[in-house]
Amino acid sequence: MVRGVRGTWCGALLLVGVLVGGVSGCGPETPPAPGGPPSRVSGPAVPSATGGPAVPSTTGGPTAPTTPSDPTAPGTTTTPSTPGTPTADPRPNEVLVEVVVNGGLAGVRNRLVVHYDGSWTSRSGTEPPRTGQQTPAEAAELRAALEDPAYAKVPERPTGSPIADGFQYYVTYRHHLVVADDGDRPPALRRVFAALPEGGPPTSP
């Protein structure tokens with residue numbers, strides 16, 4: 001009688017265990033073999049594709065770190081810009097120097113523009129502009145006079161006393177303006193004036 005009751009009780013537990021996915025408390029448990037795999041595997045369960053019981057996941061470990069995208073991170077290389085990189089050579093039709101002349105007894109306002117290739121245009125008052133072309137040697141001499149380091153040291157304004165009814169010369173080279181008059185001129189400025197077309201700045205009315 002006791003065995004019949006125990007059999008009924010174990011059968012009921014077995015049925016409940018099957019319905020809830022557990023195991024029955026009846027019967028002896030077989031302990032895991034020494035050194036064998038653990039009886040439980042960590043990680044979320046992966047549903048079976050055949051609709052059967054879920055299989056525990058075996059890939060629950062941490063993921064590998066991703067490679068940093070920061071260009072300054074160790075192991076990355078960058079190409080720094082080189083300071084003082086020379087710019088491209090100017091085009092032949094670009095302006096090399098501009099000279100504006102004001103003053104004099106006639107009160108002129110003339111303008112001379114010389115390009116890198118030696119071509120030039122001169123305007124005097126209301127007269128039609130005049131054009132011309134320097135020889136390669138003349139154009140090279142004018143460029144050399146302007147690129148002379150001594151010219152970069154010419155004062156930007158006259159240093160002497162103004163001359164009555166004299167001319168003022170406004171020389172623009174590479175966006176750098178030098179203002180001079182008929183007084184004392186540094187040798188570097190005289191060299192530039194001597195290399196201009198038609199013998200110097202335009203002073204004729």
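So, how many bridges pair β5 with strand β6 (residues 130–133), and in which sense? Four bridges, in the antiparallel sense. Strands count as paired here if DSSP finds at least two bridges between them, and strands (E, at least two residues) and helices (H or I, at least four) are DSSP runs numbered from the N terminus.

Quick housekeeping. This is a predicted model, so local features need pLDDT of at least 70 and side-chain atom pairs count only at pLDDT 80 or more, while totals for chains, interfaces and linings use all residues. Residues are numbered from 1 along each chain as its sequence is written, and side-chain values use heavy atoms, with hydrogens and water left out.

Back to the strands. The hairpin of β5 and β6 has five residues between the strands, and Gly 125 there takes a positive phi near 60°. β5 (residues 119–124) also runs antiparallel to β4, joined by five bridges.

Now look at helix α2, residues 136–147. Ala 139, Leu 142, Ala 145 and Leu 146 are buried, meaning under 20% relative accessible area, with exposed being over 50% and partly exposed in between (1.4 Å probe, protein chains only). Why do they line one face? The buried ones pack against β3, β4, β7 and α3, where contact means heavy atoms within 4.5 Å.

Methods:
The expected span of a helix is 1.5 Å times one less than its number of residues.
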